[in-house]
Amino acid sequence: MERVIQGLPVVTGPAWAGVNYFCTTRAGGVGVAPHDTLNLGLRAGDHPDTVAENRRRLRAALPGEPLWLRQVHSSDVIDADQADVPPEPTLDASVTTQPGRVLVAMAADCLPVVMADADGRVLGTAHAGWRGLAGGVLENTLAAMRAKAPQATAWRAWVGPGIGPEAFEVGRDVLDAFMADDPATESYFRPRPGVPGKWLADLAGLAGFRLRRAGVQEISQSGLCTVTDAARFFSYRRDGETGRMALLAWLDPA
């Protein structure tokens, strides 16, 4: 689903009670190629002043300052409601029960994922590349949310734009990483025709599998491929040097 928020074209999923979320596209900013135009990543090779202006524009659409993460393809999660949260923690997921606390997951092929309980009392976001996904970043995020809201009984997730199953070529190491955890994940890989030792992996499908296994009842997929849709999305796999989109999410302010 496409929308325009404060002049920024974004994509989002189903409406959830008490929850706001969207993922930016590459449009609406001030950057020039190869970061044109709304690059939000400080470590993507763009000019810092350009990123600062893009973040300023994004901030106008938010109820508070986002918790930017220094993402490292880990499976670690931070409680964004702690009093001593550093300005840019080095990990890949965050959770909150505080209304108006804005969580962020940046991406440019990896999956940005948002999760919430059905009543909109607890929220989590995660950056899920294959390493983080295989390492349990989604399960760890859900566990942290359950710890903060033990009364919650129903869960939902939205998997945002990421590299699609026709574009994500991987080696045996990726297949083995998922198969070691659960042999059933083999169905999300298919041999690449004519390229021995390579597979095409369905990263969003793998995310959905692991979310269902962890107990998430309602899972929505954007179905959008960052590699093939160059007009709308940054893609590291496609372009090498490029910008970063961001998934933003927050609970309704009181």
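This is a predicted model: local features need pLDDT of at least 70, side-chain atom pairs count only at pLDDT 80 or more; totals for chains, interfaces and linings use all residues.

Entry 1: I started at proline 34, which sits in the loop between β3 (19–24) and α1 (48–59).

**Entry 2: positive phi.** I looked for non-glycine residues with positive phi and noted two. Histidine 73 has a phi of about 60 degrees and belongs to the loop between β4 (66–67) and β5. With a relative accessible area of 37%, histidine 73 is partly exposed. Aspartate 109 has phi near 135 degrees, and it isn't a glycine either. I found aspartate 109 in the loop between β7 (102–107) and β8 (111–117). Is aspartate 109 buried or exposed? Its relative accessibility is 8%, so I put it down as buried, the cut-off being under 20%.

Entry 3: Next I traced an open sheet of three strands, in the order β11-β13-β12, with antiparallel pairing. Its edges are β11 (169–170) and β12 (189–191), each of which pairs on one side only. Between β12 and β13 (residues 199–201) I get three bridges in the antiparallel sense.

Entry 4: Which helix lies across β11, β12 and β13? That is α4 (residues 172–179), and I get about 145 degrees between α4 and β12. I listed the buried residues of α4 as Val174, Leu175 and Phe178. Viewed down the helix axis they fall within an arc of 100 degrees, so they line one face of α4. These buried residues pack against β11, β12 and β13, and also against α2 (130–135) and α5 (203–214).

**Entry 5: salt bridges.** The structure holds 21 salt bridges, and I went through a few.

- Glutamate 65 meets arginine 59, with 3.3 Å from N to O. Glutamate 65 is exposed at 51% relative accessibility, while arginine 59 is partly exposed at 30%.
- Lysine 148 pairs with aspartate 79, the closest N and O atoms being 3.1 Å apart. Lysine 148 is in helix α3 (residues 137–148) and aspartate 79 in strand β5 (residues 77–79), so this pair ties together parts 69 residues apart in sequence. Lysine 148 is partly exposed at 25%, and aspartate 79 is partly exposed at 24%.
- Glutamate 166 and arginine 190 meet at 2.7 Å, N to O. This one links distant parts of the chain, 24 residues apart: glutamate 166 is in the loop between β10 (155–159) and β11, and arginine 190 is in strand β12. Glutamate 166 counts as exposed at 56% relative accessibility, arginine 190 as partly exposed at 34%.

Which residues do salt bridges with shared partners join into one network? I wrote down Glu139, Asp181, Asp182, Arg210 and Arg213.

Technical notes
Residues are numbered from 1 along each chain as its sequence is written. Side-chain values use heavy atoms; hydrogens and water are left out. Two strands pair if DSSP finds at least two bridges between them. Helices (H or I, at least four residues) and strands (E, at least two) are DSSP runs, numbered from the N terminus. Contact means heavy atoms within 4.5 Å. Axes are lines fitted to C-alpha atoms, for helices over the stretch in contact, and angles run from 0 to 180 degrees between N-to-C directions. Buried means under 20% relative accessible area, exposed over 50%, partly exposed in between (1.4 Å probe, protein chains only). The arc is that of the directions from the helix axis to the C-beta atoms. A salt bridge is a side-chain nitrogen of Lys or Arg within 4 Å of a carboxyl oxygen of Asp or Glu.
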